[in-house]
Structures are given as structure tokens and as C-alpha cells.
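Here is a short briefing for a first look. Take the structure in view, then read the points below.

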Amino acid sequence: MSEQRGPIRVMVVDDHPMWRDAVARDLAEAGLDVVATAGDGEQAVRRAKAAAPDVLVLDLNLPAMPGVQVCKELVGANPALRVLVLSASGEHADVLEAVKSGATGYLLKSASTEELLDAVRRTAVGDPVFTPGLAGLVLGEYRRLASDPAPAGGGEPKAPQLTDRETEVLRLVAKGLSYKQIAERLVISHRTVQNHVQNTLGKLQLHNRVELVRYAIERGLDDA
């Protein structure tokens with residue numbers, strides 16, 4: 001049984017019309033529902049709020065508003081939105097800034113059409129997708145952030161209580177496993193994994209998988 005009801009709703013944002021049209025056409029021909037396109041950041045925010053896509057395929061280098069700001073604003077308004085950055089830049093700073101702004105994945109424009117389609121489908125169900133070599137970079141940044149001293153302030157609030165299964169799922173998320181891999185490891189459905197992650201996000205008052213991984217690494221769950 002598919003986890004996605006009906007075609008995946010996708011929006012393509014890129015300031016190059018030929019590239020934008022080609023990506024939109026490839027996605028539509030593969031059976032995805034391209035609900036909108038946009039050529040600049042402000043247009044992207046406005047149209048995304050109206051079109052309500054499941055996945056936003058987003059270039060970073062946009063006029064009017066940078067891609068990371070588009071991502072931050074739209075994911076902040078709708079945490080269920082998945083953002084797949086499709087960029088010509090493999091610069092580490094760009095990748096990390098995109099992930100911190102709420103992007104689920106990051107693919108270089110050198111990717112094949114098949115890689116893009118696979119990335120969009122995986123992004124739609126919440127799996128982090130990165131061009132090979134970039135996933136390790138992002139995990140390394142999580143570790144660096146987790147080792148930074150906590151900001152000064154009052155006593156840390158009492159940690160929320162997670163169930164044994166939620167803790168188990170969180171541990172596997174921190175190790176970098178996809179939801180599909182976690183489902184296979186624990187012999188449960190993909191939907192059940194998603195439910196555990198959503199419940200954990202709610203209990204911990206976190207907004208996305210990036211924050212969840214950081215939380216887990218800060219507590220050493222990735223080494224458990």
C-alpha cells in the first residue's frame with residue numbers, strides 16, 4: 001500500500017525559465033502533479049501558500065528573495081512541507097544553510113532525471129536525500145553543533161518522556177537511516193515509523209528531522 005495518496009504535488013522554483021520548464025515537464029511526465037512554478041523568491045512564497053505542494057523543488061540562487069529565506073518562511077508556516085533543494089552549488093556553506101533553514105534534501109543539478117524523480121518521491125515521505133558525499137558533511141555538522149556548549153540560561157527543563165519504541169526510532173534516525181530502513185529493521189510499517197517520528201517531534205517541541213537528529217546526537221543516541 002502506497003504511503004502517498006494520489007500523485008505527489010510538486011512545485012518547481014528556479015529563475016531560469018528553460019531549466020524550470022524542463023524539470024516541471026520531467027516531473028509531470030513521470031506522473032507527478034506539478035501544481036505551480038515560480039521564477040523568484042517572493043513569487044515562490046506567494047504561489048506555494050496558494051498551491052499547497054507536498055514537495056518544493058527549490059533553487060537557492062533566486063532574485064527578490066534567496067532560496068534559504070523562501071525555505072525558512074514556507075517551512076515555518078507549514079512544517080509538513082518538504083523542500084528538496086536543486087542547486088548548481090555544492091559549496092558546504094550552501095548545503096548547511098539550506099538544511100538549517102528546513103530543507104529535507106539537497107541535490108546537485110548534475111543529477112540525472114531518474115535521480116531527481118527518486119529524490120522527489122523520497123523527499124515526499126520525509127526521507128533526507130543528499131547528493132553522494134553531502135550526507136556525511138551534514139551529519140558532521142550535527143555532531144559539531146551537538147558538541148558546542150549550551151547557551152547560558154536557567155536550568156534545563158525536565159526531558160519529555162518517550163516510549164521505548166519512540167526512543168528506538170529516534171536512535172535509528174540519528175544514525176542516518178531512512179524511514180524505509182527503520183521500518184525494515186524494526187519490522188513495522190513505513191506509516192508507523194512516520195507516526196512515531198511525528199509523536200516524538202510533538203513531545204520534544206521540535207519542528208523537523210534536522211532538529212530531531214541534533215537532539216538525539218546531543219544525548220548520545222547515535223552511538224547507542
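Which residues line the largest cavity? They are V12, V13, D14, W19, V23, V57, L58, D59, L86 and K109. This is a predicted model, where local features need pLDDT of at least 70, side-chain atom pairs count only at pLDDT 80 or more, and totals for chains, interfaces and linings use all residues. Residues are numbered from 1 along each chain as its sequence is written, and side-chain values use heavy atoms, with hydrogens and water left out.

**The cavity**
- A cavity is a set of points on a 1 Å grid over the protein atoms alone where a 1.4 Å probe fits but cannot get out; lining residues have an atom within 4 Å of a point.
- The count is 1 cavity of 30 Å³ or more.
- The largest cavity holds about 30 Å³ of space.
- Strand 1, helix 1 and strand 3 each give two or more residues to its lining.
- That lining has 7 nonpolar, no polar and 3 charged residues.

**Helix 1**
- Helices (H or I, at least four residues) and strands (E, at least two) are DSSP runs, numbered from the N terminus.
- R20, V23, A24 and L27 of helix 1 are buried (under 20% relative accessible area, 1.4 Å probe, protein chains only).
- These residues lie on the same side of helix 1, because they cover an arc of only 95 degrees around the axis.
- M18 and E29, on the other side, are exposed (over 50%).
- The buried residues of helix 1 pack against strand 1 (9–13), strand 2 (33–38), strand 3 (55–58), strand 4 (82–87) and helix 5 (113–124), with contact meaning heavy atoms within 4.5 Å.
- G31 follows helix 1 and has a positive phi, near 100 degrees.

Notes: Arc of directions from axis to C-beta. 1 Å grid on protein atoms, 1.4 Å probe; cavity = no way out; pocket = protein on both sides within 12 Å on 5 of 7 lines; lining within 4 Å. Points joined across faces, edges and corners; volume = space filled by probe spheres on them. Nonpolar A, V, L, I, M, F, W, Y, C, P; charged D, E, K, R; others polar.
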